[in-house]
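Visitor: I would like to learn how to read a structure like this one. Could we go through it feature by feature?

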Amino acid sequence: MDRSQKEQVVADLHAKLERATAAILTDFKGMTVAEMTGLRDALAAEQVEYQVVKNTLMRLASEGTSASSLDPLLKGTCAVVIGYGDPAIPAKVIKKFAKTSEKLQVKAGVLGLRMLNPGQVDALAELPPREELLAK
């Protein structure tokens with residue numbers, strides 16, 4: 001990838017992270033192509049993006065966004081789940097997929113300006129849908 005392509009990736013990812021209501025950093029080491037495709041399809045069905053990105057480019061793209069708090073965890077194989085609507089939906093899909101594939105690990109998440117540890121991301125996945133919470 002040449003410099004102009006990297007700059008484009010950083011600019012696109014920065015725009016996505018600015019619009020995001022939730023971002024979850026995952027480790028996908030050991031996942032097969034079929035598993036990765038299944039995860040992408042499950043996330044895409046909920047209008048959530050899953051992007052594998054170089055750690056350096058992610059660091060640059062997250063500057064000035066709430067996802068910058070994830071920078072210390074950008075080591076090894078990382079991919080970011082970016083949700084734009086209900087912030088619980090990405091966590092729910094990841095949790096459901098993790099039951100079938102133990103290779104997918106949640107490193108951390110960001111909800112607004114708050115950083116979430118893997119346990120808090122799991123708790124977010126347990127929340128009822130937004131409509132149900134509003135009805136209560």
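Visitor: Which strands form a hairpin, and how many residues lie between them?
Guide: In this predicted model, β4 and β5 make the hairpin, with two residues between them. Gly112 sits in the turn and has a positive phi of about 65°.

Visitor: How many bridges join β4 to β5?
Guide: Three bridges join β4 to strand β5 (residues 114-116), and the two run antiparallel.

Visitor: Which bridges link β1 and β3?
Guide: β1 pairs with strand β3 (residues 79-83) through five bridges, again in the antiparallel sense. Here Thr26 stands opposite Ala79 of β3.

Visitor: In what order do the strands of the sheet come?
Guide: A general point before the case: side chains in a regular strand alternate between the two faces of the sheet. In this structure, five strands form an open sheet in the order β2-β3-β1-β4-β5, with antiparallel pairing. At the edges are β2 (48-52) and β5, each of which pairs on one side only. From one strand to the next, the twist averages 20°.

Visitor: Now the helices. At what angle do α2 and α4 pack?
Guide: The general idea is that two packed helices are described by the angle between their axes and the distance between the axes. Helix α2 (residues 33-44) packs against helix α4 (residues 88-100) at an angle of about 150°, and their axes are 10 Å apart. Angles over 145 degrees count as roughly antiparallel, so α2 and α4 are roughly antiparallel to each other. The crossing of α2 past α4 is right-handed.

Visitor: Which residues make the contact?
Guide: From α2 come Glu35, Gly38, Leu39, Ala42 and Leu43, and from α4 come Val93, Ile94 and Phe97. By type, the residues in the contact of α2 with α4 divide into six nonpolar, one polar and one charged.

Visitor: Where in the chain is confidence lowest, and where is it highest?
Guide: Confidence is lowest in helix α6 (residues 130-135), with a mean of 76, and highest in β3, at 95. The chain averages a pLDDT of 91, and 100% of the residues score at least 70.

Methods. Residues are numbered from 1 along each chain as its sequence is written. This is a predicted model: local features need pLDDT of at least 70, side-chain atom pairs count only at pLDDT 80 or more; totals for chains, interfaces and linings use all residues. Side-chain values use heavy atoms; hydrogens and water are left out. Two strands pair if DSSP finds at least two bridges between them. Helices (H or I, at least four residues) and strands (E, at least two) are DSSP runs, numbered from the N terminus. Axes are lines fitted to C-alpha atoms, for helices over the stretch in contact, and angles run from 0 to 180 degrees between N-to-C directions. Angles under 35 degrees count as roughly parallel, over 145 as roughly antiparallel, 65 to 115 as roughly perpendicular and the rest as oblique. A crossing is left-handed if the near helix is turned anticlockwise from the far one by less than a right angle, and right-handed if clockwise. Contact means heavy atoms within 4.5 Å. Ala, Val, Leu, Ile, Met, Phe, Trp, Tyr, Cys and Pro count as nonpolar, Asp, Glu, Lys and Arg as charged, and the others, Gly among them, as polar. pLDDT is the predictor's confidence in each residue, from 0 to 100.
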